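Work through the exercises below with the sequence and the 3D structure open. Try each task before you read its solution.

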Amino acid sequence: MIQLIPVITVFILAIFVGLEVISKVPQTLHTPLMSATNAIHGVILVGGLLILGSADGALMIGIGLAAVLFGTLNVVGGFVVTDRMLEMFKGKKRGGAK
Amino acid sequence: MSQEWIDIGYLLAAICFILSLKLMNTPVTARKGNWLAMGGMAVALIVTMFNQNIRTENLVWIGIGVVVGTVGGFVSGKRIQMTSMPQMVALLNGLGGGAVALVALFEFLHASHAGIKPEAVQSVTTVLSAIIGSISFSGSLVAFAKLQELLPGRPLTFKGQQVFNLLLVVFTLALALAILAFDSATVPIFLALLAAALVLGVSSVMPIGGADMPVVISLLNSFTGCAAGLAGFVLSNNALLIGGGLVGASGLILTLQMCTAMNRSLGNVLFGAVGAVISGGGNAALAGKQPKSYSVDDAAILLSNSNSVVIVPGYGMAVAQAQHQVKEMAGKLMAMGVDVKYAVHPVAGRMPGHMNVLLAEADVPYDQLYELEQINPLMPETDVALVIGANDVVNPAARYDKSSPIFGMPILDVDKCRTVIVMKRGMAPGFAGVENELFLYDNCVMVFGNAKASVAGIASALDNY
């Protein structure tokens, strides 16, 4: 039994926070931002861990294992490439261009 | 650890995600933001392992999946070249979408085996996350293949494609309804739903031109976020709800901003099939003209005799990885007293900010980078515009030719400079599949060849002047 209203509340509020926080990012950072949000939706790995953890039987374990593998690649690869992009901005000032 | 503590962990993770996006507002704190998101993700994953439904005997499988995924993600993320980032993001996004679809499939099979009749909300969100996750998976793989040039970048269309896609949408929704409303939640119907959604992802992205892939990747990124959020309903999991919701919203905002930069609606990008037909008409005054070809020495003389130069980087610079040579050449010009600026078009390259990332890699100072609105008023006073592998973003037809697919897109007005030097591999049209009349203008000269070799050639020739 899930409590419907609290769950919907959390989801809707998360969407609004996302709209607010994102709209302020300068264009220079759009590629790293897309990459970072890409890594954050890798949070589906939490779901992967939960289903694989509870899986029973070869088929279900196979599905869960694929989900965990995909999710881990998404999270790890996503954060690594984002960090590589952002590394290049380190210690430099953004002058005149705004 | 009780469920309360796990949920507190998820709350902590959610706070990290939100703050990390906030820190990504400025280049100075952006890297810290990414680290904070990593920390939040680590917390969310660790507390998940304390869930009481995780069976001890499955820990070995979890270990295998996590270790293989970590090694694979880390190594490929470190090895991938900067210029291939767009397709890397597309691929990773596809994997995320695939993971969501697999979670939905698992939950459906689980309920179906156990003979549980899930609540309405859970059925709806299972079906929706399966559909959206599958579209994101197959669509992202097509976007990846187009950018990696495994598939042609040009829109792939066939007669009646839009009707086919529409029927496919109707079919997919009918299957979804059959599962939800008519109690026919059988495994074959659910698998048919997944298959229909996978085909829909492929057939929706195929007709979209390579130049619009950034918009597509951004939109699919948003899709995966939404799907992950919906999976949060299925699993009643706050980490998924919040992380997914945040990304779903952010991806949509980014997508719309990218469409605004191209002066097009999202609908036009998705269904316009821009570039399917090369605009044949063109400017009649230029009919029969041939482009003028310059050697790198000619170009070097022209540049060294100018007072001001605007460099317009494009995808050609990215492919040739010429950014370091460009920086070196610009340095020599500046040492000769030439004023050098870089003009960065919002959609140059394959992603918003793609050029900024590459120029930052080559240590080009930010204060030399100019955005469209800043640089265009300066164009008429500029001696030479050096266009390095950019095409559609400098096509003057966008200003007046209503029949052109890129009509209305703001462009860099390089044709207003005294001279334009265009570096290109050949006369092929740009990624949008549109011919560029700029190449035939009287004040335009072409330097044919690989951008890296041409720029390096100019840089060494500059030593002689």
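**Exercise 1. Chain A**

In what order do the elements of chain A run from the N terminus on?

Solution. The model is predicted: local features need pLDDT of at least 70 and side-chain atom pairs count only at pLDDT 80 or more, while totals for chains, interfaces and linings use all residues. Residues are numbered from 1 along each chain as its sequence is written, chains are lettered from A and ligands numbered from 1 in the order in which they are written.

Step 1. Elements are DSSP runs, numbered from the N terminus: helices are H or I with at least four residues, strands are E with at least two.

Step 2. Chain A has four helices and zero strands. From the N terminus on, the order is α-α-α-α.

Step 3. A residue is buried if 20 or more other C-beta atoms lie within 10 Å of its own, exposed if 12 or fewer, and partly exposed in between, with C-beta atoms placed from the backbone. By that count, 61% of the 98 residues of chain A are buried.

Step 4. Two residues are in contact if their C-beta atoms, placed from the backbone, lie within 7 Å. Among contacts in chain A with a separation of 6 or more, 58% join residues 24 or more positions apart.

**Exercise 2. Where the chains touch**

Step 1. Ala, Val, Leu, Ile, Met, Phe, Trp, Tyr, Cys and Pro count as nonpolar, Asp, Glu, Lys and Arg as charged, and the others, Gly among them, as polar.

**Exercise 3. Two helix pairs**

Describe how α4 of chain B packs with α2(A) and with α5(B).

Solution. Step 1. Two packed helices are described by the angle between their axes and the distance between the axes. Here axes are lines fitted to C-alpha atoms, for helices over the stretch in contact, and angles run from 0 to 180 degrees between N-to-C directions.

Step 1. The axes of α2(A) and α4(B) (residues 85–114) are 10 Å apart, at an angle of about 20°. Angles under 35 degrees count as roughly parallel, over 145 as roughly antiparallel, 65 to 115 as roughly perpendicular and the rest as oblique. The helices α2(A) and α4(B) are therefore roughly parallel.

Step 2. A crossing is left-handed if the near helix is turned anticlockwise from the far one by less than a right angle, and right-handed if clockwise. The crossing of α2(A) and α4(B) is left-handed. From α2(A), the contact uses A:T31, A:M34, A:S35 and A:N38, and from α4(B), B:M85, B:V89, B:L92 and B:N93. These divide into four nonpolar, four polar and no charged residues.

Step 3. The axes of α4(B) and α5(B) (residues 120–147) come within 7 Å and cross at roughly 155°. This pair is therefore roughly antiparallel, and its crossing is left-handed. Its contact holds 14 nonpolar, 11 polar and one charged residue.

**Exercise 4. The sheet of chain B**

Solution. Step 1. Two strands pair if DSSP finds at least two bridges between them.

Step 1. β2(B) (residues 308–313) pairs with β3(B) (residues 339–344) over four bridges, and B:I311 stands opposite B:Y342.

Step 2. Five bridges join β2(B) to β5(B) (residues 384–388). Here B:V309 has B:V384 as its bridge partner, and B:V312 stands opposite B:V387.

Step 3. β2(B) is mostly covered, with five of its six residues buried.
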